[in-house]
Amino acid sequence: MLTNLAPDTITYEEFEIYLTNYDLNKKRLPDSFEGLQELRYKDIPEVIAQRKKDGEAFLEKSEVQSLVEWKLKFGTYRPSLAKLVASNPVEDVRKTTSSAFSLMSDDPDPSKAISTLSKLKGIGPATASLLLSCYNPDTIPFFSDELFRWLHWQPEIKNSNPKKRKSKSTDDDGNATRKINYTAKEYASIFEKTTALRKRLSQEAGKPITAVDIEKAAYTIGKTAENDKARGRIGVEPEAPIETKDLCPPSPKRRKTRKIPNVS
C-alpha cells in the first residue's frame with residue numbers, strides 16, 4: 001500500500017475508485033453472497049428504519065443470524081459463533097437490540113450500545129458494531145479486519161538497528177498486521193478515525209460520505225494490497241483494484257478456523 005492510499009492522505013478521487021470497484025464487483029458475486037449483501041446493506045437497514053418510524057427500532061433473531069452469516073462469509077470463518085448467536089431466545093434479541101438502538105437515539109457515541117449488545121451470546125464488539133451499522137449506516141462503522149488495518153496503517157519506520165528495523169505491528173508495506181483483539185477499545189479507535197475521515201472526505205467531495213462507504217473502500221483497498229503483496233508488487237504503483245475472483249471471500253473449507261472461541 002502506497003502512502004497516498006493511507007487514510008490521512010487519500011484523496012476523494014482515489015477513495016472513489018476503490019468504493020466504486022466494491023459496488024461493481026458486488027453485482028458479480030455468486031447468488032449466495034449477493035443475497036446476503038442485499039440483506040446487510042439494503043433490506044435490514046430499511047426494515048430497521050421503518051420500525052424506527054413506527055415507534056421502535058429492533059432486530060429479530062433471524063435478522064441477527066443473517067447478519068452473522070454475512071460476517072462469517074466475508075470475514076474470519078468461525079462456525080461456533082453462529083451456534084452461540086442461535087442460542088439466544090427470540091425475545092432477548094428483540095429487547096436487547098431495541099435497548100441498544102434507543103441508546104443510539106440519545107447519544108451518537110456507540111460505546112454504551114456496544115456494551116448492551118454484547119450481553120447477547122456470541123455478540124462481541126465487532127458483531128455489535130455490525131448491528132449498529134445497520135441501524136445507522138451513515139455514521140457507525142462495522143469493525144471489519146480490513147477497516148481496522150487500513151485506519152491504523154503506518155508507513156514503515158526506518159531504524160539503523162537491524163533488530164529494531166521492522167515493527168512488530170507492521171509488514172513490509174506498512175500495513176498494520178498486528179493481532180486484532182476485537183475489543184471495545186479498538187472499536188472506539190475505529191469510530192474516532194472513521195468519523196474524522198468521513199468528515200474530511202465529505203468536505204472534499206462536496207457530498208456526504210458515509211461510514212458504510214468507508215467500510216467498502218477499506219475492504220477493496222485491503223484486498224488489493226494483499227493481492228499486490230502476493231505478486232511481489234509492494235512499493236510500486238498499485239494495479240487497478242481487484243476483480244471479482246479476488247474480492248470474493250474464500251470457501252469455508254479453505255479458511256482457517258479458530259479452535260478456541262473468541263467472541264467478536
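Is glutamate 46 buried, partly exposed or exposed? I looked this up to open my notebook: glutamate 46 has 45% relative accessibility, so it counts as partly exposed. The cut-offs I used are under 20% relative accessible area for buried, over 50% for exposed, and partly exposed in between, with a 1.4 Å probe and protein chains only.

**Ground rules**

I am working with a predicted model, in which local features need pLDDT of at least 70 and side-chain atom pairs count only at pLDDT 80 or more, while totals for chains, interfaces and linings use all residues. I number residues from 1 along each chain as its sequence is written, and side-chain values use heavy atoms, with hydrogens and water left out.

**Entry: salt bridges**

I searched the whole structure and found six salt bridges. For the term, a side-chain nitrogen of Lys or Arg must lie within 4 Å of a carboxyl oxygen of Asp or Glu.

I went back to glutamate 46 and saw its side chain meet that of lysine 42 in a salt bridge, at 3.6 Å from N to O. The two are separated by about one helical turn, because they are four residues apart in helix H2 (residues 31-54). Helices here are DSSP runs of H or I with at least four residues, numbered from the N terminus. Lysine 42 counts as partly exposed because its relative accessibility is 38%.

Next I checked arginine 200, which forms a salt bridge with glutamate 204, with the closest N and O atoms 3.5 Å apart. Both lie in helix H9 (residues 184-205), four residues apart, or about one turn of the helix. Arginine 200 is partly exposed at 28% relative accessible area, and glutamate 204 is partly exposed at 38% relative accessibility.

**Entry: aromatic rings**

How many aromatic pairs does a search of the whole structure find? I got eleven. Rings of Phe, Tyr and Trp (its six-membered ring) pair if their centres lie within 6.5 Å; planes under 30 degrees apart count as stacked, over 60 as edge-to-face and the rest as tilted.

I looked at tyrosine 22 and tyrosine 41: the ring centres are 6.3 Å apart and the planes are at 80°, so the pair is edge-to-face. Tyrosine 22 sits in helix H1 (residues 12-26) and tyrosine 41 in helix H2, 19 residues apart. Both tyrosine 22 and tyrosine 41 are buried.

I also paired tyrosine 22 with tyrosine 219: centres 5.9 Å apart and planes at 90° make this pair edge-to-face. These two, in helix H1 and helix H10, are 197 residues apart. Tyrosine 22 is buried at 4% relative accessibility, and tyrosine 219 is buried at 8%.

I noted that ring pairs link Tyr22, Phe33, Tyr41, Trp70, Phe74, Phe142 and Tyr219 into a cluster.

**Entry: charges over rings**

I counted a charge as over a ring if NZ of Lys or CZ of Arg is within 6 Å of the ring centre and within 35 degrees of the ring normal. The charged end of lysine 216 sits over the ring of tyrosine 41, 4.5 Å from its centre. Arginine 51 lies over the face of phenylalanine 58, 4.4 Å from the ring centre.
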